[in-house]
Amino acid sequence: MLIDGAVLTQQSTVPVLIESELGLLNLNRSSGRIDAAGALTLRGVDVLLDGPINSSFDNGAADLGTGNQEVRVIAQRDALLRGNLAAAKDILIKAGGTAEFYDNVLSASTLKIEAAAAFFGSPVSAASSSQKGSRIEVVDNLRLDVGTLGVHAGALLVSKGINSDITMNAANEIGRAHV
């Protein structure tokens, strides 16, 4: 499914569910965008988010432990986030395979990522012009529950609130995370 235009909601009581049951859910970089005032769920076998997403929704109860995040991105296999994603509150990104983040800025109050592997920024290559970074910025909590974690050059994982934290649970690490 290709989202090649604007998806807009203005009422916080109107949830948005966009799902591709049989294949790729693709938010086009040049002409696709989502502005959600209500809960937002994006689900597909694979999810490719190239266009911008803005969520102003706050359900007043969501946190990392409840499963009631205001923005949910769920991929049965792989999720690739190359577009900017800004949420007023909480985001869950769940991928059965790999979750990749590069050439983007993602900001939220809390962010939880569950995946077999998660990679931030593109791997170092001989062509420096092809390097892509990623900035993940949360106010309260960033939690990574992954099998393999890759933090490449140009990637920033930032928790900027008072008493905020970053929790990384990974069996394998590629690159280096500096705390």
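D35 and R33 form a salt bridge, with their closest N and O atoms 3.3 Å apart. A salt bridge here means a side-chain nitrogen of Lys or Arg within 4 Å of a carboxyl oxygen of Asp or Glu. This is a predicted model, in which local features need pLDDT of at least 70 and side-chain atom pairs count only at pLDDT 80 or more, while totals for chains, interfaces and linings use all residues. Residues are numbered from 1 along each chain as its sequence is written, and side-chain values use heavy atoms, leaving out hydrogens and water.

Searching the whole structure gives eleven salt bridges. Three of them, including the pair above, are listed here.

| Salt bridge | Closest N and O atoms |
|---|---|
| D35 with R33 | 3.3 Å |
| K112 with E114 | 3.1 Å |
| D103 with R29 | 2.9 Å |

The D103 and R29 pair links distant parts of the chain, 74 residues apart. D103 sits in the loop between strand 10 (90-101) and strand 11 (104-120). R29 sits in the loop between strand 3 (16-27) and strand 4 (33-36). Strands are DSSP runs (E, at least two residues), numbered from the N terminus.

How accessible are the partners? Buried means under 20% relative accessible area, exposed means over 50%, and partly exposed lies in between (1.4 Å probe, protein chains only). D103 is partly exposed at 33%. R29 is partly exposed too, at 41%. D35 has 24% and counts as partly exposed. R33 is partly exposed at 36%.

K112 is buried, at 15%. Elsewhere, salt bridges with shared partners join R29, D50, R82 and D103 into one network.

Notes:
Helix = DSSP H or I, 4+ residues; strand = E, 2+ residues; numbered from the N terminus.
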